[in-house]
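Please look at the chain shown here with its confidence in mind, then follow its core and its charged pairs. The paragraphs below go from one to the next.

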Amino acid sequence: MPAGGGLPTKGGRPSARDHNARDADLLSAVMRQTAMPDTSAQTRTVAKPAGPIFWTLPGFERRCRVSTNFGELPIQALRVRDKVKTLSGGYKEVQWIDEIRLDADFLSRHPEAQPVYLRTKALAAGQPTRHMLVSPAQVICTDGRIGTKKTGPATDFEGHPSICRAPQVEITYYRFHCGEPVTVCVEGAWFCVTP
């Protein structure tokens with residue numbers, strides 16, 4: 001055993017036990033973030049079976065383009081301190097960005113996390129400007145074309161001919177906020193983002 005009580009290493013490199021411990025820590029962090037029970041090796045024997053979840057994390061698929069002060073930018077390229085266009089006409093600085101990758105196993109067990117597909121012009125004339133995928137919990141703001149002016153999660157808009165679920169094998173949702181609730185322009189349409 002090395003000095004200081006650390007895990008044994010081979011030739012000064014981390015051992016398989018080191019990597020396993022790091023993997024368990026990473027898995028625990030992801031499970032906490034997605035509100036799923038921890039299934040790391042330390043708790044596997046006492047963890048209860050996972051029941052259904054209610055998907056509450058907003059986000060956009062990686063290719064969705066967000067309007068910034070220097071043009072349209074794929075959301076996967078957005079960085080902290082970039083300035084995004086808001087409904088007020090001004091720009092707000094991005095304070096925080098996160099990405100959540102959902103693999104085939106997770107999506108097969110939790111279909112409620114599957115994205116909502118918005119066709120071009122589904123929300124208003126020219127909104128969105130391209131087909132796009134959003135998290136079912138992403139809050140959309142409309143101008144009234146599909147009924148009355150409405151703000152709500154993407155699931156509230158399902159059933160419209162141009163808005164439906166679009167099951168994917170895997171998907172990564174990108175989330176961001178500007179330190180306060182704002183309405184931002186993504187693909188020419190308006191979406192609420194909050195801390």
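Among the elements of the protein chain, strand β1 (residues 9-10) has the lowest mean pLDDT, 48, while strand β3 (residues 60-61) has the highest, 98; pLDDT is the predictor's confidence in each residue, from 0 to 100, and strands are DSSP runs (E, at least two residues) numbered from the N terminus. This is a predicted model, in which local features need pLDDT of at least 70 and side-chain atom pairs count only at pLDDT 80 or more, whereas totals for chains, interfaces and linings use all residues. Residues are numbered from 1 along each chain as its sequence is written, and side-chain values use heavy atoms, with hydrogens and water left out. The protein chain averages a pLDDT of 82, and 69% of the residues score at least 70. Over residues 1-10 the pLDDT is below 50, and this stretch has 12 contacts in the model beyond near neighbours in sequence, a contact being heavy atoms within 4.5 Å. The pLDDT is also below 50 over residues 39-49, a stretch with 10 such contacts in the model.

The largest nonpolar core has 27 residues, and those with the most contacts inside it are F60, L118, F176 and F191. Such a core is a set of buried Ala, Val, Leu, Ile, Met, Phe, Trp, Tyr and Cys residues joined through side-chain atoms within 4.5 Å, where buried means under 20% relative accessible area, exposed over 50% and partly exposed in between (1.4 Å probe, protein chains only). Two or more residues each are given to this core by β9 (116-118), β10 (132-134), β14 (171-177), β15 (182-186) and β16 (189-193). Apart from this core lies another, of 13 residues, among them F106, L107, A113 and A166. Not counting residues up to four places away in sequence, F191 touches residues including F60, L118, M132, V134, I140, V182, V184 and V186.

The structure also holds eight salt bridges, each a side-chain nitrogen of Lys or Arg within 4 Å of a carboxyl oxygen of Asp or Glu. In one of them the side chains of R175 and D98 meet at 3.4 Å, N to O. Because R175 lies in strand β14 and D98 in strand β8 (residues 96-102), the pair ties together parts that are 77 residues apart in sequence. Both R175 and D98 are buried.

A second pair, R101 and E170, meets at 2.7 Å, N to O. R101 lies in strand β8 and E170 in the loop between β13 (163-165) and β14, so this pair ties together parts that are 69 residues apart in sequence. R101 is exposed, with a relative accessible area of 51%, whereas E170 is partly exposed at 42%.

E187 forms a salt bridge with R130, the closest N and O atoms being 3.2 Å apart. This pair links distant parts of the chain, with E187 in the loop between β15 and β16 and R130 in the loop between β9 and β10, 57 residues apart. E187 counts as buried at 1% relative accessibility, while R130 counts as partly exposed at 35%. Salt bridges that share partners join R65, R130 and E187 into one network.

Finally, S162 is found in the loop between β12 (151-153) and β13, and at 19% relative accessibility S162 counts as buried. Leaving aside its neighbours within four places in sequence, S162 is in contact with Y117, L118, R119 and A122. The C-alpha atoms of S162 and K121, 41 residues apart along the chain, are separated by 8.2 Å.

Methods. Helices (H or I, at least four residues) and strands (E, at least two) are DSSP runs, numbered from the N terminus.
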